[in-house]
Amino acid sequence: MRIVVVGAGVVGLSTAVRLREASIEADVVAREDPQETTSAVAAALWYPYRALPAERVTAWSAQTYSALAGLAEVAGSGVRMLAGTERLAPDAPDPWWREAVPGLERTGDGLRFVAPVVDMSIHLPWLVDRLRALGASVERRHVASFDELDADAVVNCAGLGARELAADASLVAVRGQVVRVAAPAVREWLLDQSDPQRLVYVVPRENDVVLGGTADEGAEDRTPDPATTDAIRARCAALVPALRDAPVVDAAVGLRPVRPAVRLEVEGRVVHCYGHGGAGVTLAWGCAGEVAALLGAGGERYPPAR
């Protein structure tokens, strides 16, 4: 069986790796290089964000947590396990996905747990190298229709591109701007979602710290806005004083592919796997395992998530 995976973000690359590791001939074609995708902009803290349905997302998230924890032991993968806090009011309920993460505890500030943090500037090239070591190709090419792909099956991991490829009008871009700063003293992540449109997150990577962010539904301008950069820095520094004088490395914008629910199902010779919202890193390995199962590579099978 020959498979073509469409999309070179973290979901597409992880899926192709999972298929190759199951001895299925899978190659990747994509409109953008991995470092040009939304995945490359992600702060990439493991956290189920803007993705449904709850039951399936919890399962995929748990599976990905385990996979990333394993990759944290692999030199050069770009994955680390870091402690951090999500600020919550004392009377706020536990998150619906709490069963997906071990060791979650309530503190006076909110939720505290250890989570995978993935430096995408390292992890995406690592996934490409892993694919090539397994004999796969990663080709940059515009795909206008699944019909033009010579393969026994196609896996649609095109993210926002699935609006055209799968004629899915339910997909909406949710614009997220981040700022990267030099702040080596910051070693824990922090998250505050009290304002759902003006998020606060601080995520240390190996060589910088990602600050965020925004969640502007329907906005698709990928040019960073200087005023937004200043506002993000101010919000984050108010919670983490070590960021107050941190020099800016750069700013970037990504478009989260949001739909009412992640679509993971078979349609003819196409396996759709898109609509992961702001949780591509969080769901990638769990969804990749389900795709592999649907293509006969063994493992658990799940009902379709639509």
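A second polar contact links the side chains of H272 and E267, at 2.7 Å.

Before I go on: this is a predicted model, where local features need pLDDT of at least 70, side-chain atom pairs count only at pLDDT 80 or more, and totals for chains, interfaces and linings use all residues. Residues are numbered from 1 along each chain as its sequence is written, and side-chain values use heavy atoms, with hydrogens and water left out.

Where does H272 sit? In strand β15, residues 270-274. Helices (H or I, at least four residues) and strands (E, at least two) are DSSP runs, numbered from the N terminus. H272 counts as buried because its relative accessibility is 1%; buried means under 20% relative accessible area, with a 1.4 Å probe and protein chains only. Setting aside neighbours within four places in sequence, H272 is in contact (heavy atoms within 4.5 Å) with F146, N156, A166, R263, L264, E265 and E267.

Next stop, strand β10, residues 200-204. 5 of its 5 residues are buried, so β10 is largely enclosed by the rest of the structure. V200, V202 and P204 point one way, and Y201 and V203 the other.

D192 has V200 as its bridge partner. Strand β11, residues 209-212, also runs antiparallel to β10, joined by 4 bridges, and Y201 is bridged to G212. A hairpin of 4 residues connects β10 to β11.

Last, a pair of helices. α1 (residues 10-21) and α7 (residues 280-294) pack at about 35°, with axes 8 Å apart. Axes here are lines fitted to C-alpha atoms, for helices over the stretch in contact, and angles run from 0 to 180 degrees between N-to-C directions. The residues making the contact include V10, V11 and S14 of α1, and G280, V281 and A284 of α7.

Key:
Buried means under 20% relative accessible area, exposed over 50%, partly exposed in between (1.4 Å probe, protein chains only). A polar contact is a pair of N or O atoms within 3.5 Å; within protein, one must be able to donate a hydrogen and the other to accept it, and residues adjacent in sequence count only if both atoms are side-chain atoms. Two strands pair if DSSP finds at least two bridges between them.
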